[in-house]
Amino acid sequence: MDWQRLFSEHILSRGYDYFCDGAVGELKKTNGVLTATVEGSFDYSVAISFEGEHITDMDCSCPYAEDGSYCKHMAAVLFKYNKNGIEINANEGDDTDNANVSADEFAILKEVVNILDMETLQKELLSMLENDQNLSTAFMLRHNKNDESISQYINNKRKNADSI
Ligand SMILES: [Zn+2]
């Protein structure tokens with residue numbers, strides 16, 4: 001689901017901040033409509049209609065979305081939805097709940113990561129980013145402060161998506 005191309009990079013980045021801050025409430029999906037409340041200076045209700053995995057309509061109660069614009073609240077909800085979607089897929093055919101690494105596992109992970117050299121770490125990270133579009137977009141938004149290259153990156157993604 002390549003929903004990120006529906007938003008400008010600025011809105012996408014603000015939405016990602018909201019998502020990271022835990023501003024998105026519980027997601028509910030009934031009859032193909034995904035709803036959630038996003039907390040900020042005010043609470044806004046977001047509703048996103050799906051047909052299969054395709055977004056057909058998006059609404060938000062904030063002033064920015066009044067004229068039909070896609071706002072940061074919608075992006076925030078989709079970041080959360082996308083994240084949950086990935087977790088559900090990863091759990092397919094597996095009874096254990098591995099949505100989050102346990103504290104014990106994390107301590108071991110930390111030890112392992114600490115002894116790896118920089119070159120190996122960079123290689124590992126790049127291969128993870130290459131294979132996960134959501135993760136790579138999140139990474140770009142968080143670490144790349146060069147607006148021009150973010151625009152370029154998102155435009156490339158658009159081109160790729162159009163050519164499919
Ligand atoms: Zn909004």
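A residue is termed buried if 20 or more other C-beta atoms lie within 10 Å of its own, exposed if 12 or fewer, and partly exposed in between, with C-beta atoms placed from the backbone. Helices (H or I, at least four residues) and strands (E, at least two) are DSSP runs, numbered from the N terminus.

The model is predicted: local features need pLDDT of at least 70, side-chain atom pairs count only at pLDDT 80 or more, and totals for chains, interfaces and linings use all residues. Residues are numbered from 1 along each chain as its sequence is written.

Residues up to four places away in sequence aside, V24 touches Y18, F19, A36, V38, A76, V77 and K80. Contact here requires C-beta atoms, placed from the backbone, within 7 Å.

In the protein chain, 6 helices and 4 strands are present, arranged along the sequence as α-β-β-β-β-α-α-α-α-α. Buried residues make up 21% of its 164 residues. Of the contacts with a separation of 6 or more, 48% join residues 24 or more positions apart.

The 4 strands form an open sheet in the order 1-2-3-4, with antiparallel pairing; two strands pair if DSSP finds at least two bridges between them. Strand 1 (28–30) and strand 4 are the edge strands, each pairing on one side only. From one strand to the next, the twist averages 20°, where axes are lines fitted to C-alpha atoms, for helices over the stretch in contact, and angles run from 0 to 180 degrees between N-to-C directions.

Strand 3 and strand 4 pair in the antiparallel sense over 6 bridges. Their hairpin has 2 residues between the strands, and G52 takes a positive phi near 65° there. Two facing positions are tabulated below.

| Residue | Residue opposite, in strand 4 |
|---|---|
| I48 | M58 |

Key:
Two residues are in contact if their C-beta atoms, placed from the backbone, lie within 7 Å.
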